[in-house]
Amino acid sequence: MTDGQRSGRDAVVIGGGLAGITAALALADAGVRVTLLEGRPRLGGLAFSFQRGELTVDNGQHVYLRCCTAYRWFLDRIEGTALAPVQDRLDVPVLDVARPEGRRLGRLRRDALPVPLHLGRSLATYPHLSLAERAKVGRAALALKGLDLADPSLDTQDFGSWLTAHGQSARAVEALWDLVGVATLNAVAGDASLGLAAMVFKTGLLSDPGAADIGWAHVPLGELHDRLARKALDSAGVRTEVRTRVTSISTDENGTWSVQVPGETLRADAVVLAVAQHEACDLLPEGALDAPENLRDIGTAPILNVHVVYDRKILDKPFFAALGTPVQWVFDRTDASGLREGQYLALSQSAAHEEIDEPVAALRERYLPELERLLPLARGAEVKDFFVTRERTATFAPTPGVGRLRPGARTKAPGLYLAGAWTATGWPATMESAVRSGVSAADAALAALGRPRPARLFEFEEAA
């Protein structure tokens, strides 16, 4: 676009994950002309699908909770809500392989009662903890509810030490706190910031009776985060370019931004940098942040997914969590993948530092016997396919002290904004955090451009 054509409301969004898609939609909904640039051949960031023969495979199992109001807004905005429903009421089967068959199943579920009574009956009858441990869990939950999430000192402490100080046994941590925390934080309690852990448990389990009800995609993630997202972007008038990697961004004396891609220079009044923290650090112009090196200090944590296709049905639940075994969470992906015969299970293994680089053969040798221990019907079933997907930098590491490293949406360079689950959203590295960051970046950009906020963008704030 030439200077003579420029109108003072052009934006470039760099990065086509959930944060970038959200920022682009929000800006376009407010009347800004938006170009979205993504280096990969698809949208969706680290929540995507690919083909393996006749299977459509998600790179990893992603779930969200009813309290994830921003991601729920996102689903609604791309017309995908019906494809990723939330369960009517929290119900998590928990299998303990160390217990005798017939007595292995416990459940974490809620009743239609106010907080904290909604979990009272489930906790009182949870068979994987002793009576004394259950009572101590209740007292720790009340102490957690009393923490002030705005207290910066919480970020300097680790969750594991706090749990120990509040009477939680190693068994209670394994069978309850880490059961939830590892899946949401991508870290065990001892490696997680108390601030982020408190946010997860206060918001998910101690805010509203239905807050922790679980939702997940009943279609491939690519159907939501690529196809439907692209359709929404197109309808909003966003120019979307994939396979387009940005090489540099800079600004001139008039405050106009130049975004360099191979063969083209894009000019804009606002730029949203919605890429991983290390990539953002490489692209940031000098002076944009007081301490850009902080972005490199935000660590990463891996997630491993183990995929197994059996010749028959061996699991009659949509998912379950496991104790006493390396297996963490198991999901039935049969229908979503398009599998016509047999059953396809996906094992989601968070905080997989020790296993992320192990050979497939070693993982097969470890996990197939564990599934047979957990699911008796697997013992006579034939394994038709076994493969793994690895995300070595799946999330930022929620370590104590990470809060002070996470920047907000605004930078010191006028017109340049940051988005990504790693920015200062208050949430751990989740789809919810990514969408919230896109909203924050768009909101800051619209204020600077003098554009009104699109009302429907902020409906989720009222819902929250």
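Visitor: What does UniProt place at residues 18-445?

Guide: The unreviewed UniProt entry gives the feature "domain: Amine oxidase" for residues 18-445. The model shown here is predicted.

Visitor: How many helices and strands are in the protein chain?

Guide: The protein chain holds 14 helices and 19 strands.

Visitor: How do you know that the radius of gyration of the protein chain agrees with a compact globule?

Guide: A compact globule of 464 residues would have a radius of gyration near 23 Å, and the protein chain has 23 Å, so the two agree. Along its principal axes the C-alpha trace spans about 75 × 50 × 40 Å. Of the contacts with a separation of 6 or more, 69% are between residues 24 or more positions apart.

Visitor: Why is Ile214 called buried?

Guide: Buried means under 20% relative accessible area. Ile214 has 8% relative accessibility, so Ile214 counts as buried. Buried residues make up 55% of the 464 residues in the protein chain.

Visitor: Where is Ile214, and which residues is Ile214 in contact with beyond its neighbours within four places in sequence?

Guide: Ile214 is in strand β8, residues 214-216. Leaving aside neighbours within four places in sequence, the contacts of Ile214 include Val63, Tyr64, Leu65, Val92 and Phe319. Val92 is 122 residues from Ile214 along the chain, yet their C-alpha atoms are separated by 8.9 Å.

Visitor: Why does Arg243 count as exposed?

Guide: Exposed means over 50% relative accessible area. The value for Arg243 is 63%, so Arg243 counts as exposed. Arg243 is in the loop between β9 (239-241) and β10 (248-251). Arg243 also has a positive phi of about 50°, although it is not a glycine.

Visitor: Why does Ala351 count as partly exposed?

Guide: Buried is under 20% and exposed is over 50%, with partly exposed in between. Ala351 has 21% relative accessibility and therefore counts as partly exposed. Phi of Ala351 is near 50°, a positive value in a residue other than glycine. The place of Ala351 is the loop between β17 (343-350) and α12 (360-374).

Visitor: What is omega for the peptide bond from Val115 to Pro116?

Guide: Omega is near 0°, and the bond from Val115 to Pro116 is cis. Pro116 belongs to the loop between β7 (105-109) and α3 (120-124).

Visitor: How many positive and negative side chains does the protein chain have?

Guide: There are 51 positive and 57 negative side chains. The centres of the two sets lie 4 Å apart.

Key: Residues numbered from 1 in each chain as written. Predicted model: local features only at pLDDT ≥ 70, side-chain atom pairs only at ≥ 80, totals over all residues. Heavy atoms only, no water. Helix = DSSP H or I, 4+ residues; strand = E, 2+ residues; numbered from the N terminus. Rg over C-alpha atoms; globule rule 2.2 N^0.38 Å. Buried < 20%, exposed > 50% of the residue type's maximum accessible area, 1.4 Å probe, protein only. Contact = heavy atoms within 4.5 Å. Lys, Arg positive; Asp, Glu negative; His and termini not counted. Charge placed at Lys NZ, Arg CZ, Asp CG, Glu CD. UniProt positions renumbered as here; feature names shortened; annotations may be inferred.
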